[in-house]
Amino acid sequence: MVVQESGTPRELEHHLRPSTVKGIDFDQLLEPLAATAHGAANKRPITGVSLNPQIVQPGDVFLAISGAKRHGAEFLDTAIANGAVALITDEAGLNLLAEPASIPVAVVSDVRKIAARAASMVYGTAKNCPELLAVTGTNGKTTTTFMIRAITEALGLHAGLVGTIEMSARGQIIPSVLTTPEATQLHGVLARMNEQEISTVAMEVSSHSLSYGRVDGLQFAVSGYTNLTQDHLDLHGSMEDYFQTKAQLFTSGHSQRAVVMVDDSYGQRLAQNASIPTESLSLDAHTNADWHVVNIAPSVLGHQFTIVHRDGREIHARTGLPGLFNVANAALATVMVLASGVALEQLQEALKQADPLSVSVPGRMQVIGESPVAVVDFAHNSDAIAKALESMRVTGQGRRIIVFGATGDRDKTKRPDMGAVAARHADIVIVTDDDPHGEDPEPIREQVAAGAQAVIDAERAAVQLFNIAPRAKAVEFAVSLAGVQDAILVAGRGHEVSQDVAGIDVELDDRVELANALKLHGFVTIY
Ligand SMILES: CC(=O)N[C@H]1[C@@H](OP(=O)(O)OP(=O)(O)OC[C@H]2O[C@@H](n3ccc(=O)[nH]c3=O)[C@H](O)[C@@H]2O)O[C@H](CO)[C@@H](O)[C@@H]1O[C@H](C)C(=O)N[C@@H](C)C(=O)N[C@H](CCC(=O)O)C(=O)O
Ligand SMILES: Nc1ncnc2c1ncn2[C@@H]1O[C@H](COP(=O)(O)OP(=O)(O)OP(=O)(O)O)[C@@H](O)[C@H]1O
């Protein structure tokens with residue numbers, strides 16, 4: 001039975017903790033964390049760790065960080081009201097306390113740096129943790145982790161998942177806030193999964209998580225790399241920094257082994273400079289790699305293919321998910337499971353019997369209608385938009401129609417590129433809003449549209465370009481233009497069910513909007 005939990009973030013946090021924690025005296029944490037106690041020594045037992053005051057549970061030590069916008073210590077009252085029994089902060093946090101805190105306080109130089117260690121000590125994850133398989137890269141993390149989970153279950157084992165869409169184990173699904181949770185939450189959920197006798201956890205590791213130390217203190221049995229294309233330059237500043245951040249995962253401090261897709265230059269660098277045992281994987285026969293994906297042939301919406309090692313070993317597989325990029329994801333998931341020590345014959349049998357690589361992933365190339373083909377996808381950077389559009393099969397005189405926008409308050413440099421790529425690969429481009437966050441949405445649309453217009457002026461005059469908001473209206477407009485031979489791609493929001501407009505969550509689900517628009521215009525929807 002599958003249970004999708006809902007509730008406030010604090011109620012959900014309750015489901016992300018082990019059911020029993022022995023507890024550790026606050027004093028015992030101090031020396032290993034190089035923390036200085038302020039006030040009397042205290043033996044109060046700590047049973048949890050949180051750096052978000054809103055989700056603190058009774059018995060937690062609250063880690064008040066110095067954030068980019070606020071200091072956690074400003075919210076100490078909330079943490080105490082929620083049951084925090086001790087505080088660890090930095091000098092700045094200590095100075096923010098208006099009066100001596102009513103709970104024991106300790107000070108460290110950098111709270112984020114000790115978060116993983118503190119959580120690991122409280123939850124015991126250094127010793128008691130399921131096997132972890134990590135996936136990183138710009139695109140494909142969610143899909144690949146869903147596939148790893150499905151393979152693990154097809155092998156008859158219990159699998160856990162931590163990623164953008166959900167954290168789940170044993171049929172219990174908790175919706176995610178971040179792709180990779182903060183270390184405090186991560187160690188809690190891994191301890192819970194260990195208690196539930198989960199054998200393998202497939203986990204997405206974002207570059208943010210590596211930058212913020214969210215995966216510190218974890219050892220991944222196998223880490224996989226999908227690809228690296230432009231995104232998140234607001235955090236990294238340059239592609240080189242983005243790459244170096246990802247590359248940290250592929251060192252002995254984090255991982256025992258690696259499987260690296262070498263179909264881009266960053267993957268090749270990663271494999272060449274690897275300091276841990278690494279297997280390379282490619283879809284390109286001309287690329288030097290340990291594993292090649294060969295005999296790729298269309299099969300229903302997806303493909304069947306063979307993964308061949310240079311030593312002659314072969315794995316026959318298929319995925320029902322559309323797009324060649326999903327062959328790459330499927331091959332990576334398969335080789336990662338093999339690298340974790342599963343016997344090839346056993347893996348081959350599981351692939352044959354259960355078809356795990358066809359697992360449906362919410363909002364990833366999710367088919368909402370077949371005639372016209374109408375798909376909701378999470379593509380929100382240039383490479384993903386190009387690949388998603390390429391994978392949309394149109395019949396006869398069919399046209400490709402795309403509806404998409406760019407997020408506010410994030411990497412602004414990618415906006416015109418996203419517009420340009422859309423104009424190169426689609427016949428009708430409808431620019432709309434994504435999550436504006438704190439930004440005015442109109443200039444964002446204009447920056448995306450300007451990129452599309454430049455391509456139309458220079459290369460593809462026949463492309464029609466529209467700028468329409470709000471998003472639901474743009475989706476409806478796309479369907480109003482479509483005929484049965486056309487293909488509509490609504491890109492960028494995937495599984496998400498609300499839009500962040502100036503800090504307010506506005507209900508919006510692309511799948512619902514697209515299905516409603518198809519019905520309105522007399523088409524059939526399968527959603
Ligand atoms: C850029 C980034 O990652 N920021 C993270 C960072 O925020 P920050 O340093 O600005 O912290 P802050 O907002 O100043 O808050 C500081 C402290 O005050 C607390 N606070 C703050 C405000 C308030 O009203 N109440 C409150 O209690 C916060 O809980 C925190 O403890 O620390 C916060 C506390 O954990 C995170 O919530 C926040 O993630 C934000 C929400 C976020 O959107 N992160 C995204 C970009 C992210 O990490 N994404 C990657 C995936 C990217 C991808 O591949 O697409 C991910 O792994 O999810
Ligand atoms: N291997 C791939 N190469 C390029 N694009 C891909 C690949 N896999 C998926 N995509 C595209 O990227 C989108 C996001 O896919 P997915 O959610 O699996 O990636 P992700 O890395 O988890 O993304 P995010 O970090 O933004 O959550 C998909 O909807 C699809 O359009």
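## Helix 5 and helix 7

In this predicted model, helix 5 covers residues 111–123 and helix 7 covers residues 183–195. The two pack at an angle of about 25°, and their axes are 8 Å apart. Angles under 35 degrees count as roughly parallel, so helix 5 and helix 7 are roughly parallel to each other. Their crossing is right-handed.

Which residues of helix 5 and helix 7 make the contact? Helix 5 contributes A115, A116, A119, S120 and Y123, while helix 7 contributes A183, T184, H187, G188 and A191. Sorted by class, this contact has 6 nonpolar and 4 polar residues, with no charged ones.

## Helix 6 and helix 12

Helix 6 (141–154) and helix 12 (324–339) pack at an angle of about 45°, with 9 Å between their axes. That angle makes helix 6 oblique to helix 12. Helix 6 passes helix 12 in a right-handed crossing.

On the helix 6 side, the contact is made by T143, T144, M147, I148 and I151. On the helix 12 side, N326, N329, A330, L332, A333, T334, M336 and V337 take part. By class, the contact of helix 6 with helix 12 holds 8 nonpolar and 5 polar residues, and no charged ones.

## Domains

The domain assignment divides the chain into domain 1 (3–123), domain 2 (131–358) and domain 3 (366–520). How far apart do the C-alpha centres of domain 1 and domain 3 lie? They lie 42 Å apart.

Ligand 2 has 22 residues around it, and the nearest are G140, K141, T142, T143 and A379. One of these, T143, also belongs to the contact of helix 6 with helix 12. The shell around ligand 2 takes at least three residues from each of domain 2 and domain 3. In class terms, it has 6 nonpolar, 10 polar and 6 charged residues.

Which helices each supply at least two residues of the shell around ligand 2? They are helix 6, helix 12 and helix 14 (382–390). Helix 14 gives the most, with 4 residues.

Technical notes: Residues are numbered from 1 along each chain as its sequence is written. Chains are lettered from A and ligands numbered from 1 in the order in which they are written. This is a predicted model: local features need pLDDT of at least 70, side-chain atom pairs count only at pLDDT 80 or more; totals for chains, interfaces and linings use all residues. Axes are lines fitted to C-alpha atoms, for helices over the stretch in contact, and angles run from 0 to 180 degrees between N-to-C directions. Angles under 35 degrees count as roughly parallel, over 145 as roughly antiparallel, 65 to 115 as roughly perpendicular and the rest as oblique. A crossing is left-handed if the near helix is turned anticlockwise from the far one by less than a right angle, and right-handed if clockwise. Two residues are in contact if their C-beta atoms, placed from the backbone, lie within 7 Å. Ala, Val, Leu, Ile, Met, Phe, Trp, Tyr, Cys and Pro count as nonpolar, Asp, Glu, Lys and Arg as charged, and the others, Gly among them, as polar. Domain bounds come from an automatic or database domain assignment. A residue is near a molecule or strand if its C-beta atom, placed from the backbone, lies within 6 Å of it.
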